[in-house]
Amino acid sequence: FRILESFPDINCTIHGNSFYSPLLISAGVKVVNATEVAEYYNIKEIPSTPEEVEMLSKEETDLVISYFKDLKSRNEALVTIFPYHGLIVAAKDHNEAFSLYDAVEINSKLMLPFNTLSLKK
């Protein structure tokens with residue numbers, strides 16, 4: 001609710017326990033633009049909350065809002081990844097939010113094969 005209160009033009013947030021995005025972040029890989037759809041959403045590098053931040057805490061919420069403000073100032077997609085957990089997106093409506101969520105996961109899934117060598121080190 002704090003995200004919706006902080007951004008009047010945002011009408012939908014989606015949080016999900018996704019697989020690929022938190023997997024990459026938890027392995028120390030930054031999730032960056034790797035697909036055409038990520039380019040469409042102007043995804044450069046998706047921020048993630050530090051692992052030591054308690055889930056569903058005020059600190060976590062404050063971080064997400066701070067990340068979203070920074071992303072919004074750069075006209076980038078409003079997305080944050082929670083290590084070992086999932087991700088959250090925000091958009092003007094549910095169609096865009098679902099599309100963005102899916103785009104982030106597909107982008108992360110396609111990044112995985114290119115990063116398996118670095119994960120083995």
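Which residue of β3 does I81 stand opposite?

Author: I81 stands opposite L87 in β3. Bear in mind that this is a predicted model.

Strand β2 covers residues 78-82, and five of its five residues are buried, so the rest of the structure largely encloses it. Buried here means under 20% relative accessible area. In a regular strand, side chains alternate between the two faces of the sheet. Take the faces of β2 in turn. L78, T80 and F82 are on one side, and they are buried. V79 and I81 are on the other, and they are buried as well. Both faces of β2 are therefore covered.

Next, the partner strand. β3 spans residues 86-91. It pairs with β2 in the antiparallel sense, over five bridges. The two strands form a hairpin with three residues between them.

Now look at the turn itself. Y84 is in the loop between β2 and β3. Its phi is positive, about 60 degrees, although Y84 is not a glycine. Most residues other than glycine have a negative phi. Y84 is also exposed, at 62% relative accessibility. The residues of β2, by contrast, are buried.

N42 is not a glycine, yet it has a positive phi of about 60 degrees. N42 is found in the loop between α3 and α4.

Stay in that loop for the charges. E51 is also in the loop between α3 (36-40) and α4 (58-73). It is partly exposed, with a relative accessible area of 49%. E51 gathers with E52, E54 and E59 in a patch of negative charge on the surface.

Then come the charge pairs. Side chains of opposite charge can pair when their charged atoms come close. The structure holds seven salt bridges. One of them joins the side chains of R2 and D62, at 2.7 Å from N to O. R2 lies in helix α1 (residues 2-6) and D62 in helix α4, so the pair ties together parts that are 60 residues apart in sequence. Both partners are partly exposed: R2 has a relative accessible area of 35%, and D62 is at 29%.

Another salt bridge is between K72 and D9, with the closest N and O atoms 2.5 Å apart. This pair also links distant parts of the chain. K72 is in helix α4, and D9 is in the loop between α1 and β1 (12-16). They are 63 residues apart. K72 is partly exposed, with a relative accessible area of 36%. D9 is partly exposed too, at 39% relative accessibility.

A further salt bridge is formed by the side chains of D70 and R74, again 2.5 Å from N to O. D70 counts as partly exposed at 38%, and R74 counts as partly exposed at 39%. Salt bridges that share partners also join R2, K58 and D62 into one network.

Back to the starting point. I81 faces L87 across the strand pair, in a strand that is largely enclosed by the rest of the structure.

Notes:
Residues numbered from 1 in each chain as written. Predicted model: local features only at pLDDT ≥ 70, side-chain atom pairs only at ≥ 80, totals over all residues. Heavy atoms only, no water. Buried < 20%, exposed > 50% of the residue type's maximum accessible area, 1.4 Å probe, protein only. Helix = DSSP H or I, 4+ residues; strand = E, 2+ residues; numbered from the N terminus. Pairing = 2+ DSSP bridges. Patch = residues over 30% accessible without salt bridge, like charges linked within 9 Å, V, L, I, M, F, W, Y side chains within 5 Å. Areas by Shrake-Rupley, 256 points an atom, 1.4 Å probe, with all protein chains shown as cover. Salt bridge = Lys/Arg side-chain N within 4 Å of Asp/Glu carboxyl O. Lys, Arg positive; Asp, Glu negative; His and termini not counted. Charge placed at Lys NZ, Arg CZ, Asp CG, Glu CD.
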